[in-house]
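The briefing below is meant to be read alongside the coordinates.

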Amino acid sequence: MIVSIENVNKYYNGNQVLENVSLTVENNDRIGIIGRNGCGKSTLLRILTGLEEPDRTAEDGIISVSRNTTIGFLQQNSGLDNDNTVIAEMKSAFSKLLETQEKMSALEKQMSENHSDEIAAEYTQLSSWFEANEGYLIDVKIRTVLNGMGFGQETYDKIISTLSGGEKTRLALSKLLLENPNLLILDEPTNHLDFETVMWLEDYLRSYKGALLIVSHDRYFLDKLCTSIAEIEFGKLTRYKGNYSAFVKLKEAAVIRQQKEYDIQQAEIRKLQDYVDRNLVRATTSSSAKSKRNTLERMEIIEKPREDTKKIKLNFEYDVVPPLDVLNVSNIDLTVGDGAKTIAENVSFAVRRGERVAFVGANGAGKSTLLKVIQNKLPHRKGFIEWAKNTKISYFDQENAQLDMNTTVIDELHKRHRSMTEQEIRSALGRVRLTGENVFKKVGVISGGERAKLCFAIMIEERGNILILDEPTNHLDLVSKEELEDALNDFDQTILFVSHDRYLLNKLATRIIEIRDGGIECFDCGFEGYLDVMRARRESEEREKELEKQKKVQEKAQKVYRTKEQRSADAARKLKIKEIEKQMADIEEEISLLESEISDPEVAKDYVLLDEKCKTLEEKKATLSDLEIEWLELNE
């Protein structure tokens, strides 16, 4: 156990946010915490880290932290010295190791001037500790993390105060990763990160040696990392085994089961109560009735599952089935700034009925521009765009440009559908949970999530057979995202969409079109298949770079005149390289065997054996890492 809380309660302004919440975090746990905005997720994290106190009585609000536990908590701009440079701030994560290194340097100087057994013993002790804690890898670790988090070497000497808010958040996360706490708590860690950086972070955290506690709306991120999900709903915390996708199924099954148990118990209660009411006053049956009344009083009442009254209901329907070939785009260009700058040229692709095409690419690549161009909302200078007959487009614009911000919510829908009665308009808005006084508010003052729901209500009434969506899940909570995904999956016609939501991309897309380098590339596969292709390409590029580097080294070595001593040293070096390569191959085989044994269910049942094999595995990996560094140094 690292951290444990029992029966924690928290009130704000008389409202109970957390009710008898209990949670235990063990070593190597991977826990995702989810729930609606305002449900108490951040409050729970602050209580766990001691930044906030629970509302205690004598019996509840117990918080336990094991000895020698270190907790790292990602908050925006947390733990950064704005006057420091990027590299100096990262080195501060290794302050104890760097102090030890300075002591070792001082002892080395003393030993060179005056040999002393006492000094030598102290140096040996410090050196062993320094090496055991990977002190010689400090620079390698810093470069690895900074590069992965998007900080190139040109940023190392930048003063932190000059960085943007997003860069500071990424840097704070980088420092936390380097500090390597026993428990790493991350609150929305994927904010401000692009696809590539998020995927690097996923890979890094997958092999993290401590426990992870993650609050995130990025369901794909939760799927890749978490082994359990803790949901906070109506003030209570319920923990489910598995990742986010498993949680969705388990939660649905749990609600169905609880409803059945509730219905059975309520029927039993009615039956017992009816018997008591009819027989209590009769002399011959009074004793039996009292017994059944006692049964009722002792009965532990099953709570009725509480319905989420804020859940939206979406259903996209259409009137006409379009032809098989719905869209043909040929050799168009994408421009911005009144056509002053071309961001992509000779863009061509075709779309068939029923396809779900996702457009991906870096920010500014032209994804949103492309969606507007194919609808003739923006011009193109050449080529042609041809939609088939009987196609009707319904468009979701992430900027809500189609909405009049000075119109009320109810009028915004009514002016588009004059034939609908006020009751029909109110019902349509009610399905997306725009109710009560909110329908009379101006569009410009409602929240981003409410504006998105209004757009969905408009789209539903348009009954389009082509859906074009630009970042549709922005501003939506997890429950609303799921409702949208289900509705889109039920829609059997064509969908073209842009999204940074990888869970939506993975669940919905049947085809990926990437915009990059001023053009496009089509992938006839889903999002996972696209990622596999891109991963294979990166690995191939890295291999080619390494081969090119080795080639240059060999060419340079051939040009250098080598003395007999140099040739002898070179031969010894090559012999050492071969020895190391054999050692590495042997250790890799041992690691593979250990990993296979650890995954064996029989081994998993034996905790002592499993722990022993896991420790041996870590030692082998550490040895392999040392050999790889030595191998690289010898080759260089």
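Is His475 buried or exposed? His475 counts as exposed because its relative accessibility is 59%, where buried means under 20% relative accessible area, exposed over 50% and partly exposed in between (1.4 Å probe, protein chains only). This is a predicted model, in which local features need pLDDT of at least 70 and side-chain atom pairs count only at pLDDT 80 or more, while totals for chains, interfaces and linings use all residues. Residues are numbered from 1 along each chain as its sequence is written, and side-chain values use heavy atoms, with hydrogens and water left out.

**Whole chain**

- The chain holds 20 helices and 18 strands, these being DSSP runs numbered from the N terminus (helices H or I with at least four residues, strands E with at least two).
- Of the 636 residues in the chain, 43% are buried, and the C-alpha trace spans about 105 × 85 × 50 Å along its principal axes.

**Positive phi values**

- Most residues other than glycine have a negative phi.
- His475, although not a glycine, has a positive phi of about 75°, and its place is in the loop between strand S15 (466–470) and helix H15 (478–490).
- Asn331, also not a glycine, has a positive phi of about 55°; Asn331 lies within strand S10, which covers residues 325–336, and counts as partly exposed because its relative accessibility is 38%.

**Buried polar residues and their contacts**

- Ser4 belongs to strand S1 (residues 3–12) and is buried, since its relative accessible area is 9%.
- The side chains of Ser4 and Thr24 are joined by a polar contact of 3.3 Å, that is, a pair of N or O atoms within 3.5 Å, where within protein one must be able to donate a hydrogen and the other to accept it, and residues adjacent in sequence count only if both atoms are side-chain atoms.
- Between Ser4 and Leu23 the C-alpha to C-alpha distance is 5.8 Å, although the two residues are 19 apart in sequence.
- Thr494, in strand S16 (residues 494–498), is buried because its relative accessible area is 1%, and its side chain reaches the backbone nitrogen of Gly354 at 3.1 Å.

- Ile591 sits in helix H18, which runs over residues 564–598, and it counts as buried because its relative accessibility is 9%.
- Asp626 is found in helix H20 and counts as partly exposed because its relative accessibility is 46%.
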